[in-house]
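Open your viewer and get ready to click along.

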Amino acid sequence: MIIVVLFASIIPLCQLSAQSKPWLVPKEYINLSNPMADNQAAIKEGRTLYTTNCAPCHGDKGKGDGPAAAALNPKPADHSSIIMLRETDGDIFYKISEGRTPMPQYKSAFTEKQRWELVAYIRTLSKGSKR
């Protein structure tokens, strides 16, 4: 009985630890600015890419609640949250490009232009959040 209780209390601590690990972005990416920012055609293209490739985990509204999210640890980022307002365009571009388990890396799947289009679209998901 003691072993079961001890085991049950360790699992949530391990999950908390995995979710709280910072995702460090190299300096050379942090200050990159999006050449597609506020470009409506790029945002539209980014939305199409997002719907097909990101929404299964992040959800249609980017809340991290897509159909595949329940099986993932750590949980997908909430792109509509205030936390996204603190991320630089370069941070988001790097994370899309390089990925981190369980998120795949997309630098070989998408062109640089397509990754910036995704950043432009993801920015629209947090527009209603307050700083």
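## The whole chain

Keep in mind throughout that this is a predicted model. Start with the protein chain as a whole: among contacts between residues at least 6 apart in sequence, 61% join residues at least 24 apart. Switch to a cartoon view and you will find seven helices and zero strands, giving the pattern α-α-α-α-α-α-α along the sequence. Of the 131 residues in the protein chain, 36% are buried.

## Stop one: helix α7

Now select residues 112-125, which form α7. This helix has 14 residues and spans 21 Å from its first C-alpha to its last, close to the 20 Å expected. Show the side chains and look for the buried ones: Arg 115, Trp 116, Glu 117, Leu 118, Val 119, Ala 120, Tyr 121, Ile 122 and Leu 125. What do these buried residues pack against? Their partners are α3 (40-53), α5 (82-86) and α6 (89-98). The next stops visit two of these partners, α3 and α6.

## Stop two: α3 against α7

The axes of α3 and α7 are 7 Å apart, and the packing angle is about 90°. The two helices are therefore roughly perpendicular to each other. Zoom in on the contact. On the α3 side you will find Ala 42, Ile 43, Glu 45, Gly 46, Arg 47, Leu 49 and Tyr 50. They meet a set of α7 residues that includes Gln 114, Leu 118, Tyr 121 and Leu 125.

## Stop three: α6 against α7

From α6, the residues in contact are Asp 89, Gly 90, Ile 92, Phe 93, Ile 96 and Ser 97. Facing them in α7 are several residues, among them Trp 116, Val 119 and Arg 123.

## Stop four: α6 on its own

Stay with α6 and ask how many of its residues are buried. Nine of the ten are, so the helix is largely enclosed by the rest of the structure. Those nine are Asp 89, Gly 90, Asp 91, Ile 92, Phe 93, Tyr 94, Lys 95, Ile 96 and Ser 97. Together they pack against α2, α5 and α7. Step just past the end of α6 and click on Gly 99, which takes a positive phi of about 65°.

For the last stop, compare two single residues. Draw a distance from Lys 27 to Gly 90: the two are 63 residues apart in sequence, yet their C-alpha atoms are 9.3 Å apart in space.

Then select Ser 126, in the segment after α7. Ser 126 is buried, with a relative accessible area of 1%. Leaving aside residues up to four places away in sequence, Ser 126 touches His 79, Ser 80, Ser 81, Met 84 and Leu 85.

Technical notes: Residues are numbered from 1 along each chain as its sequence is written. This is a predicted model: local features need pLDDT of at least 70, side-chain atom pairs count only at pLDDT 80 or more; totals for chains, interfaces and linings use all residues. Side-chain values use heavy atoms; hydrogens and water are left out. Helices (H or I, at least four residues) and strands (E, at least two) are DSSP runs, numbered from the N terminus. Buried means under 20% relative accessible area, exposed over 50%, partly exposed in between (1.4 Å probe, protein chains only). Contact means heavy atoms within 4.5 Å. The expected span of a helix is 1.5 Å times one less than its number of residues. Axes are lines fitted to C-alpha atoms, for helices over the stretch in contact, and angles run from 0 to 180 degrees between N-to-C directions. Angles under 35 degrees count as roughly parallel, over 145 as roughly antiparallel, 65 to 115 as roughly perpendicular and the rest as oblique.
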